[in-house]
Amino acid sequence: MRRQRGYSIAELLIALAVGLVAIGGISMVMISSAGLYRVSDGRARIQEHSRFSLGMMEQDIRMAGYMGCFNAEMFPSRFVNLVRDPADFENAYALLVGGHEAGASAWSPALPAAIGQGGHAPVAGSDVLVVRGPTGRSLPLSDTMNTTSVPIPLASVDGLEVDGLAIVSDCSYANLFVVTQIPADKKIVHAASKNIEAKLTRVFSNTQGATVTPVATISYFVAAAGSGVAGRRSLWRQENLKAAEEIADGVEQMQLEYGIDTNADQLANQFVAADGIGAARVVAIRVSLLLKSQQANLVRTAQTYNFDGAAATAPDKRMYTPFSTTIALRNRLN
């Protein structure tokens, strides 16, 4: 009978040592891969949120002051605000763009109480943007109005709301009014209960390309995130006096500069803060956002970055990334 032999102690020790080295190497690779994944995921989320935020703001800013084929820059006296309280924050449609420059604890001009509806107060140190423009597509009239006081006949009422703002316009005239009723026959009512009177300034006709466009005063600001997680912020968007909606998580701060046209060449000759606009004509807005990662400890040391023209050091080891873009107001370019 052949004698059986096993491994010697030396052989077992060598095998264990090799195994431990292999396991250690694999563990290091896995840990490194997991770390790289966390960094890549954090960076991707920041880029995604910045792209979505700036994209939505760009759409609203570009369309500020849109009134169908009517050009308020060419015929300013032919735009009439028929809303009963035209000076109220949500109704001041003639003021296409503006904002509130953030100080240490307050804004200039002072922040209206209307901004931050739904319990989402803007955070100190971050600017607030206000634009006025369409919230839906222009809806063509289905017929010609018989008189200025009859309901406006439409083929579709998509995007219109009772008590919401709308503009009826053709290429020569425009009226801002409050929609007071949307009957089943799609002939929308503009009663004197919410408007100066039930009459428009003109009989609008489908043969002249008249349309009705839903519009609103739109505010953008940074506030505490809806998740309720301490220290987390988001970008919020608010229409008129409705509750604000959370646009993107991780937006830490927003700074704005307004490009004003000082020589009527339709170009931004100077960029100023919101409280420096005065009576100047704004033709562009420079938007700067600072985003931070949701996850902590994505970087080994606190980052140093440049935001809004100044160097800053991050207060923690999250990933901080600034983004900036300049957006032209399409309806200010004749």
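1. The protein chain exposes about 17000 Å², and carbon and sulfur atoms supply 55% of that area. Accessible areas come from the Shrake-Rupley method with a 1.4 Å probe, and for residues only the protein chains shown count as cover. Buried residues make up 40% of the 334 residues in the chain; buried means under 20% relative accessible area, exposed over 50%, and partly exposed in between (1.4 Å probe, protein chains only).

2. On provenance: this is a predicted model, in which local features need pLDDT of at least 70 and side-chain atom pairs count only at pLDDT 80 or more, while totals for chains, interfaces and linings use all residues. Residues are numbered from 1 along each chain as its sequence is written, and side-chain values use heavy atoms, with hydrogens and water left out.

3. Overall form. The radius of gyration of the protein chain is 29 Å, whereas a compact globule of 334 residues would have one near 20 Å. The radius is taken over C-alpha atoms, and the globule rule is 2.2 Å times the number of residues to the power 0.38. Along the principal axes, the C-alpha atoms fill a box of roughly 115 × 50 × 35 Å.

4. Secondary structure and contacts. The protein chain has one helix and 18 strands; helices (H or I, at least four residues) and strands (E, at least two) are DSSP runs, numbered from the N terminus. Of the contacts with a separation of 6 or more, 65% are between residues 24 or more positions apart. Contact means heavy atoms within 4.5 Å.

5. Ser 138 lies in the loop between strand 4 (128-134) and strand 5 (139-140). Its side chain makes polar contacts with the side chains of Tyr 66, at 3.3 Å, and Thr 213, at 2.7 Å. A polar contact is a pair of N or O atoms within 3.5 Å; within protein, one must be able to donate a hydrogen and the other to accept it, and residues adjacent in sequence count only if both atoms are side-chain atoms. Not counting residues up to four places away in sequence, Ser 138 also touches Gly 68, Thr 211 and Val 212, among others.

6. Ser 288 is found in strand 15 (residues 281-292) and counts as buried at 9% relative accessibility. A polar contact of 3.2 Å joins its side chain to that of Ser 324. Leaving aside neighbours within four places in sequence, the contacts of Ser 288 include Gln 253, Met 254, Gln 255, Phe 307 and Phe 323.

7. Two loop residues can be set side by side. Ala 155, between strand 6 (152-153) and strand 7 (165-169), is partly exposed, with a relative accessible area of 49%. Leu 267, between strand 13 (251-261) and strand 14 (270-272), is exposed at 52%. Leaving aside neighbours within four places in sequence, Ala 155 touches Pro 140, Ser 142 and Lys 186, and Leu 267 is in contact with Ile 260, Asp 261 and Val 283.

8. Backbone points to check. A cis peptide bond joins Ser 108 and Pro 109, with omega about -5°; Pro 109 is in the loop between strand 3 (107-108) and strand 4. Asp 163, not a glycine, has a positive phi of about 75°; this residue lies in the loop between strand 6 and strand 7 and is partly exposed at 47% relative accessibility. Asp 308 likewise has a positive phi, near 55°. Asp 308 sits in the loop between strand 16 (304-307) and strand 17 (310-313), partly exposed with a relative accessible area of 43%.
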